[in-house]
Amino acid sequence: MDFNMKKLASDAGIFFTRAVQFTEEKFGQAEKTELDAHFENLLARADSTKNWTEKILRQTEVLLQPNPSARVEEFLYEKLDRKVPSRVTNGELLAQYMAEAASELGPTTPYGKTLLKVAEAEKQLGATERDFIHTASISFLTPLRNFLEGDWKTISKERRLLQNRRLDLDACKARLKKAKAAEAKATTVPDFQETRPRNYILSASASALWNDEVDKAEQELRVAQTEFDRQAEVTRLLLEGISSTHVNHLRCLHEFVKSQTTYYAQCYRHMLDLQKQLGRFPGTFVGTTEPTSPPLSSTSPTTTAATMPVVPSVASLAPPGEASLCLEEVAPPASGTRKARVLYDYEAADSSELALLADELITVYSLPGMDPDWLIGERGNKKGKVPVTYLELLS
């Protein structure tokens, strides 16, 4: 118990000394050990990384789950180390309502059949959204959260320890400065007004006492300087590790973009298939096939995806009976052919189209006056039209 009380008193004395030193620095009454410019830059970059990581994390959570109540519920489940219950997506809920409406209004009527088809597509969209949220959470949100809850907490702890070491160092410097000043005063200003030997003896004793105090302060300063230098090196290494954090976050960002690209591509494919199915229904109303703005003639996959019309037209190059013959007679241009990788399986709607398998490589090219949403694809001796949205142009 006596040992604990001594330790408690020692800790209280250290805390008080640091508080006094910090207060005097704030009022400009004490000198402060400044860190070098490189160290300050590392601190600024670390703070900036932490702040922007928090903002990106929060906004990505909003993107994946716009409902704030659902986000709070998921947060509480995570803090309680409990599994988050499965939640129906908006697309799946809409599919459920459409299916129930079709069942009540008549599944054999044109409206009921269309409702069922759209419900299937909306259910697929909901499942695709669920997969996207799961993938993005694992590949993007989790690494950002691990940095904030792991690496950053370690950095913050070491920075606070470095701040305490600096306060101790500056307090030792101030104590040594005062001791040297008192020693000099005791040595150079004896009491000449008194002639009794006792006063000279007291003056010599005071000088020796301050000399011991200076030696003690110098020893404490050396210890404080060593601890400060050691802590500064540890903190510097952690701060330099922010570069590795940037590399890791860059990789995660690429994964997020990839998952988002796959998500939107799958959504577009589902809706395109739905539109084709609805177009085959007899007596089904089909909206205008004119794009809201003229498509760009860029061969970049990104540009093509950004300018895709709402209802892409599937124009034939020739009448149905002559499509295969005409395509075989069409010669590829001398220049302008490119290699393309197939993103998804595609089933040809007629003999003028070329069936595709995911990940296969084909040669593609365009002809004058051709629909920009379609290209001519060649695989060996086979040739046919292929949709641009199913391709990734390579060269």
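Guide: Five strands make an open sheet in the order E4-E3-E2-E1-E5, and the pairing is antiparallel. Those labels come from DSSP runs numbered from the N terminus: strands (E) have at least two residues, and helices (H or I) have at least four. Strands count as paired if DSSP finds at least two bridges between them. At the edges sit strand E4 (382-387) and strand E5 (391-393), each pairing on one side only. From one strand to the next, the twist averages 40 degrees; the axes here are lines fitted to C-alpha atoms, with angles from 0 to 180 degrees between N-to-C directions.

Strand E1 (residues 338-342) and E5 run antiparallel and are joined by three bridges. Arg341, for instance, has Glu392 in E5 as its bridge partner.

Before we go on to side chains, a word on what you're looking at. This is a predicted model, where local features need pLDDT of at least 70 and side-chain atom pairs count only at pLDDT 80 or more, while totals for chains, interfaces and linings use all residues. Residues are numbered from 1 along each chain as its sequence is written, and side-chain values use heavy atoms, leaving out hydrogens and water.

Next, the loops of the sheet. Rings of Phe, Tyr and Trp (its six-membered ring) pair if their centres lie within 6.5 Å; planes under 30 degrees apart are stacked, over 60 edge-to-face, and the rest tilted. The structure has eight such aromatic pairs. One of them, Tyr263 with Tyr264, is tilted, at 5.0 Å centre to centre and 55 degrees between the planes. Another is edge-to-face: Tyr346 and Tyr390, at 5.0 Å and 65 degrees. Tyr346 lies in the loop between E1 and strand E2 (361-365) and Tyr390 in the loop between E4 and E5, so this pair ties together parts 44 residues apart in sequence. Both Tyr346 and Tyr390 are buried, where buried means under 20% relative accessible area, exposed over 50%, and partly exposed in between (1.4 Å probe, protein chains only).

How far can you trust the picture? pLDDT is the predictor's confidence in each residue, from 0 to 100. The protein averages 78, and 72% of the residues score at least 70. Over residues 286-325, though, pLDDT stays under 50. Where pLDDT is low, the predicted coordinates should not be read in detail.

Definitions and conventions:
Contact means heavy atoms within 4.5 Å.
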